[in-house]
Number of protein chains: 2
Amino acid sequence: MKSTQPTILVYSPDRAKAYAECVRNHGFNHIKVAATSEEAKKHLPGTEIILGWKFPTHLLNKPSASSVSWYQSMGAGVDDLMADATIPNNITITRIVDQFGTYISEYVFTFLLYMLKDVARMKQSQRENRWDPFIPELLAGKTIGVAGLGSIGAEIVQKARAFQMNVHGLSFNGKQAHIVDRHFSPEQWVAFVKDLDYLVLTLPLTDATKHIINHDILLAMKTNATIMNVGRGALINETDLVSVMRKGHLKAAILDVFETEPLPVDHPLYTLSNVHITSHLSGPSTTDGVCSFFVNNIQRYVNDQPLQGLVNRQRGY
Amino acid sequence: MKSTQPTILVYSPDRAKAYAECVRNHGFNHIKVAATSEEAKKHLPGTEIILGWKFPTHLLNKPSASSVSWYQSMGAGVDDLMADATIPNNITITRIVDQFGTYISEYVFTFLLYMLKDVARMKQSQRENRWDPFIPELLAGKTIGVAGLGSIGAEIVQKARAFQMNVHGLSFNGKQAHIVDRHFSPEQWVAFVKDLDYLVLTLPLTDATKHIINHDILLAMKTNATIMNVGRGALINETDLVSVMRKGHLKAAILDVFETEPLPVDHPLYTLSNVHITSHLSGPSTTDGVCSFFVNNIQRYVNDQPLQGLVNRQRGY
């Protein structure tokens with residue numbers, strides 16, 4: 001029987017205290033807080049559970065971390081954890097699931113509509129006190145392709161239906177193939193992208209998906225198509241993307257994630273007028289959202305029930 | 001038995017020829033075209049049906065118009081026709097219905113999302129090559145009130161559902177009350193608006209709805225609420241709106257329609273930073289859309305079937 005008050009280390013470079021307070025407010029009292037590698041090292045002995053963001057994972061295979069049995073990530077993507085093969089296999093890793101679909105799908109439709117309707121033109125006309133009626137295009141009838149049909153992809157699909165779009169999808173396991181009009185497997189990327197008006201990437205970053213969007217895939221897309229990345233930056237080979245966007249092959253790229261974040265101020269993506277850049281804000285980890293997911297998981301943990309968001313380390317997410 | 005080739009006058013100050021060509025392509029050959037009052041006067045004798053936009057209605061009670069039995073408007077709103085009491089009662093008036101819901105509902109969500117997510121801030125950060133993560137608000141959980149639950153209002157309601165919003169509605173006949181979470185009658189405007197985050201006006205302009213949004217209604221709204229008008233400009237008392245927006249009582253007003261259109265360049269609405277102005281483009285009458293609606297109605301007409309979009313002149317729309 002596990003203790004109903006496991007010892008928890010909350011780690012975050014900037015928001016550790018807020019998370020700790022929220023978890024404490026749910027009745028868990030054995031909580032330690034760390035914002036730096038030094039503090040983490042000091043608090044690891046005796047720690048059973050880590051709630052972490054950008055945790056110094058090299059500490060986890062040290063003897064001082066031997067009491068750790070579960071690591072809950074504050075994010076949906078765990079590619080940083082998967083990249084560290086030294087994390088002992090007996091540490092269970094979980095990620096946040098089902099928390100970001102609403103945020104990310106709202107972001108997706110914000111930008112699809114902003115671009116398609118030419119809101120920039122409307123705002124410019126207003127600034128010039130100018131009456132400028134024109135007929136905006138319709139999202140209805142356009143074709144969207146969602147790569148990745150997990151909880152985030154599924155919410156994008158559901159909203160695309162409400163906008164009467166044609167909905168295609170690509171996924172690795174095919175479990176959600178029934179929610180789209182046409183489903184493609186990872187062997188069919190070219191066939192998948194060639195008919196799309198919009199390609200939206202929600203895939204996790206794994207060995208199988210890194211740089212999956214390269215020169216060949218980008219050139220297989222229609223010239224008036226738009227690509228949107230709300231997954232992970234390295235899904236796209238950015239060098240290839242810059243080259244293709246410079247040639248004007250695609251209508252637009254809408255990017256919320258990048259190979260290097262924050263995006264360096266001198267990055268060539270900033271120089272391209274058909275590229276729209278936002279600061280990894282489409283699926284924010286809110287304190288309340290992460291905390292309530294974690295608290296629910298602690299209750300499962302102390303009652304020996306299966307955890308939510310369990311990461312399969314072979315699969316990579 | 002009516003002729004299968006009725007004589008049709010197509011009237012529009014700027015697009016008459018395009019409409020006429022489309023109708024002709026559907027096999028109707030007795031077509032006359034007019035773009036001015038003079039041309040209309042010349043072509044009225046013998047005309048049975050008018051497809052019109054901004055038609056000089058004072059001509060309709062003249063002897064030269066005695067052959068006219070049906071007037072099909074190119075728009076959804078017919079307040080200009082209703083305002084002319086001299087139009088003989090034996091002329092049937094129809095308006096376009098079920099054509100604008102997709103356009104207008106896309107416009108509504110374009111602006112709700114654009115404002116809520118603060119796209120302007122995201123674009124400004126990009127212009128400054130600046131990494132600026134922030135947590136945008138969620139549309140999910142907010143409350144939208146749709147005034148007018150015809151085909152346009154119904155499509156807004158359906159998309160609001162996909163965004164997991166609370167949906168309230170106000171309508172005059174209550175027929176569609178079941179599609180909203182809470183329904184209000186025209187006696188309950190204050191109760192209707194006081195809990196809303198967003199008030200969207202899709203009502204027709206009639207004696208009962210003119211200036212229905214006045215100082216009292218605007219002040220009954222929450223201070224962080226947004227009003228959006230995609231119906232007719234005169235639903236809102238613009239003098240009252242300018243006064244309330246100057247005081248900053250509402251978060252924003254999103255206006256696609258105005259008491260005077262085009263909106264005069266020196267109109268005070270242009271001076272208010274919390275007012276977003278577009279040029280009556282949310283529900284465009286496309287040639288194809290209007291033409292196919294009209295052609296379907298001609299076929300009903302020649303077969304003595306009930307016309308679609310029949311205007312009830314007592315009701316005013």
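1. In this predicted model, chain A and chain B bury about 4300 Å² between them. Carbon and sulfur atoms give 65% of that area. The contact draws on 48 residues of chain A and 47 residues of chain B.

2. Which elements of chain A supply at least two residues each to the side that touches chain B? They are helix 4 (101-116), helix 5 (119-127), helix 6 (151-162) and strand 12 (275-277). Helix 4 of chain A gives the most, with eight residues. By class, this side of chain A has 26 nonpolar, 11 polar and 11 charged residues.

3. Two salt bridges are found across the interface of chain A and chain B. In a salt bridge between the chains, the side chain of K117(A) meets that of E106(B), at 2.8 Å from N to O.

4. Now the inside of chain A. It is divided into domain 1 (8-98 + 285-302) and domain 2 (101-277). Taken over C-alpha atoms, the centres of the two domains of chain A are 32 Å apart.

5. The contact between these domains involves five residues of domain 1 of chain A and four residues of domain 2 of chain A. Together the two domains bury about 420 Å², with 46% of it on carbon and sulfur atoms. On the domain 1 side, D79(A), D98(A) and T286(A) lose the most area to domain 2 of chain A. Those residues together account for 76% of what that side buries.

6. How many salt bridges join domain 1 of chain A and domain 2 of chain A? The count is one. R232(A) forms a salt bridge with D79(A), and their closest N and O atoms lie 2.8 Å apart. D79(A) is also among the residues of domain 1 that lose the most area to domain 2 of chain A.

7. Three residue pairs are in polar contact across this domain interface, both residues at pLDDT 80 or more. The side of domain 1 of chain A that touches domain 2 of chain A has one nonpolar, two polar and two charged residues.

Key: Residues numbered from 1 in each chain as written. Chains lettered and ligands numbered in written order. Predicted model: local features only at pLDDT ≥ 70, side-chain atom pairs only at ≥ 80, totals over all residues. Heavy atoms only, no water. Contact = heavy atoms within 4.5 Å. Buried area = accessible area lost by both parts, 1.4 Å probe. Salt bridge = Lys/Arg side-chain N within 4 Å of Asp/Glu carboxyl O. Helix = DSSP H or I, 4+ residues; strand = E, 2+ residues; numbered from the N terminus. Nonpolar A, V, L, I, M, F, W, Y, C, P; charged D, E, K, R; others polar. Domains from an automatic or database assignment. Polar contact = N/O pair within 3.5 Å; in protein donor to acceptor, adjacent residues only side chain to side chain.
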